[in-house]
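Here are my notes on the model, point by point. Please read them with the structure open.

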Amino acid sequence: MTRLTERPVWQALSAHYQEISPRHMRDLFAEDPQRFDRFSLRFNNILLDYSKNIVTQQTRQLLLKLAEECKLADWIAAMFRGDRINHTEQRAVLHVALRNLSDQPMRADGQDVMPEVRSELQKMEALSEAVRSQTWRGATGQPIRDVVNIGIGGSDLGPEMVTEALRPYGSRDIAMHFVSNVDEHAIQDTLQKLDPATTLFIIASKTFTTQETMLNAAFARDWFLQTINDESALAKHFVAVTSNIPLGEKFGIDPRNIFAMWDWVGGRYSLWSAIGLSIAIYIGMDNFRAMLQGAHEMDQHFRTAPFGQNLPVILGLLGIWYNNYFGAQAYAILPYEQNLHRLPAYLQQADMESNGKCVDRDGNKVDYTTGPIIFGELGNPAQHAFYQLLHQGTKLIPADILAPIRDFHSVRKHHRALMSNVFAQTEALMKGKTRQEAQQELSTADLDAQQQQLLLPYKVFEGNKPTNTILFDTLDPGTLGSLLAMYEHKIFVQGVIWNINSFDQWGVELGKQLASHIFGELQDDDPVADHDCSTNGLINYYKTRRKILRRP
């Protein structure tokens, strides 16, 4: 197979970049009054405006040709067909099956997985509705008031992000808590506010051996038994999502309350499964299914829409354009919606764990950059934090700006102030401020000529900073499902173009292995000598100081 950078279309894009990179978006808009219509897409109640990008119709044509030559259509078909596209682990990639609300089968290794998926959804519905209706009672006969999800990575970030995003739809009788960090403060600070008799724990771990999750789960178990000294009561206060049923039962969890996971679902794509049990308990199964429906509709759009009208494809190709031709190393996610405050963190894992790879599918070291650094924050507070760098810094950082046309409560003055910032920031990042405009502005200020000249260089904004604006009617469950599926597929598109496996994460394993070994070494005060001198020095310093600081 021809290496990516040797493809004629890649070379054509490189030549096109040389032509277009000096151009300013101001000129592109001036030349084409219909630019917004030509470079925007609609899907259900979602609008994607990508007109504020350094692209022309020729750019789009070349990027679409790149997608075709990289056989993106074949890869999409292979994923939905259940082929083992996660080739290093010999697994299918079928998170799309988790939200397949049609009557069509989806297969992994020739087996239709939909009966199992539907069975787990029914099981989730039974448990979540029992907790919400208060027919599920704890060991002392009281209803559940607090739910603690103990997991890490995809078993934590997705459920927490969604429960925060859909807070207006959440139960007023149940408080949700998420613990992932192995730092003792995370679990202790959570539990000190709770009553064991009214708390339900969800232990989310595919293997039921993840160090951080199991340490926190054991701590929660001991905390519970200190008050309710009856191991049989664990069955009413602990449930699990795992593929390791024997270990779940050994922990004390009733096998009827152990939910299945499958090896064809990666952790960062698992919120649609029983990993989303905390979501279902909080917002109810009807809303959970509405979220699945929104994701399913985006799946079908991704699968069937022509690439030029395909939201995930266009977003993915724009990311390629900036990453590989403009040399952009970072990408900002900027939601102007308070309840989406955990979306940037969620997408950090989804993108960086998926496409943070330096070896292609053929086992070769790549000679091009892959996954960008994803970061972000709520848009309005971020304006007073890091937007300065976006506007006048030396780095090109493309950004997605997301906002609802109508908020859940829609307090008019607040929401219009919010949206004024959305529109102003995308315009400012695109247009900037020329030297002439800055000079004109200063000339009307109460400043003498010398002060004007002194300030002039600081008042100039280069502009030409690319943004995608994503507007949606309101952040309801269906819309959230569509947005999350859109980003999942965007990441997949980029992985296909880069010829990398977006569904393994071997880079995570080394640290886990070393941590497990070092954890054993930390159980005594003996000095260590089998690491590099820095690691030996750090461990031995820690042991020495620990002994000094140890309480009598």
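1. In which loop does N464 lie? The model is predicted, which should be kept in mind throughout. N464 sits in the loop between helix 20 (449-455) and strand 13 (467-472). Its phi is near 60 degrees, a positive value in a residue other than glycine. Most residues other than glycine have a negative phi. N464 counts as buried because its relative accessibility is 11%, under the 20% limit.

2. N499 is not a glycine, yet has a positive phi of about 60 degrees. N499 lies in the loop between helix 21 and helix 22 (506-521). With a relative accessible area of 12%, N499 is buried.

3. Strand 13 deserves a look as well. T467 has its place in this strand. T467 is buried, at a relative accessible area of 1%. Leaving out residues up to four places away in sequence, T467 touches D49, K52, N53, A399, I401, T426 and L429.

4. Next, a salt bridge from the loop of point 1. The side chains of E462 and K465 meet at 3.9 Å, N to O. K465 is buried, with a relative accessible area of 7%.

5. The count of salt bridges comes to 25. One of them joins the side chains of E69 and R7, at 3.9 Å, N to O. E69 counts as partly exposed, at 27% relative accessibility. R7 counts as buried, at 10%.

6. D109 and R84 form another salt bridge through their side chains, at 2.9 Å, N to O. This pair too links distant parts of the chain, 25 residues apart. D109 is in the loop between strand 3 (107-108) and strand 4 (111-112). R84 is in the loop between helix 5 (72-81) and helix 6 (95-98). D109 counts as exposed, at 58% relative accessibility. R84 counts as partly exposed, at 40%.

7. R99, D299 and E488 are linked in it. D299 is one of the buried residues of helix 13. Others on that list include M285, F288, M291, L292, H296 and F302.

8. Does the length of helix 13 agree or disagree with what its residue count predicts? Helix 13 (residues 285-304) has 20 residues, so at 1.5 Å a residue it should span 28 Å. Its end C-alpha atoms are 28 Å apart, which agrees.

9. Now the interior. In soluble globular proteins, nonpolar side chains tend to be buried together. The largest nonpolar core here has 126 residues. W264 and W321 have the most contacts inside it. Helix 21 (residues 477-498) gives the most to this core, with 12 residues. Apart from this core lies another, of 24 residues, among them V148, I187, F201 and L234.

10. What does W321 touch, beyond residues up to four places away in sequence? Its contacts are L13, H16, Y17, I20, I54, V55, T59, L63 and F326.

11. Last, the surface. V182, L215 and F519 make a nonpolar patch of about 250 Å². V182 lies in the loop between strand 6 (175-179) and helix 9 (184-191). V182 counts as partly exposed, because its relative accessibility of 41% falls between the 20% and 50% limits. L215 is found in helix 10 (residues 211-227). L215 is also partly exposed, with a relative accessible area of 40%.

12. L215 and A403 are 39 Å apart in space, C-alpha to C-alpha. In sequence, L215 and A403 are 188 residues apart.

Technical notes
Residues are numbered from 1 along each chain as its sequence is written. This is a predicted model: local features need pLDDT of at least 70, side-chain atom pairs count only at pLDDT 80 or more; totals for chains, interfaces and linings use all residues. Side-chain values use heavy atoms; hydrogens and water are left out. A nonpolar core is a set of buried Ala, Val, Leu, Ile, Met, Phe, Trp, Tyr and Cys residues joined through side-chain atoms within 4.5 Å. Buried means under 20% relative accessible area, exposed over 50%, partly exposed in between (1.4 Å probe, protein chains only). Helices (H or I, at least four residues) and strands (E, at least two) are DSSP runs, numbered from the N terminus. Contact means heavy atoms within 4.5 Å. Patches are made of residues with over 30% relative accessible area and no salt bridge: like charges are joined within 9 Å, nonpolar side chains (Val, Leu, Ile, Met, Phe, Trp, Tyr) within 5 Å. Accessible areas come from the Shrake-Rupley method with a 1.4 Å probe; for residues, only the protein chains shown count as cover. A salt bridge is a side-chain nitrogen of Lys or Arg within 4 Å of a carboxyl oxygen of Asp or Glu. The expected span of a helix is 1.5 Å times one less than its number of residues.
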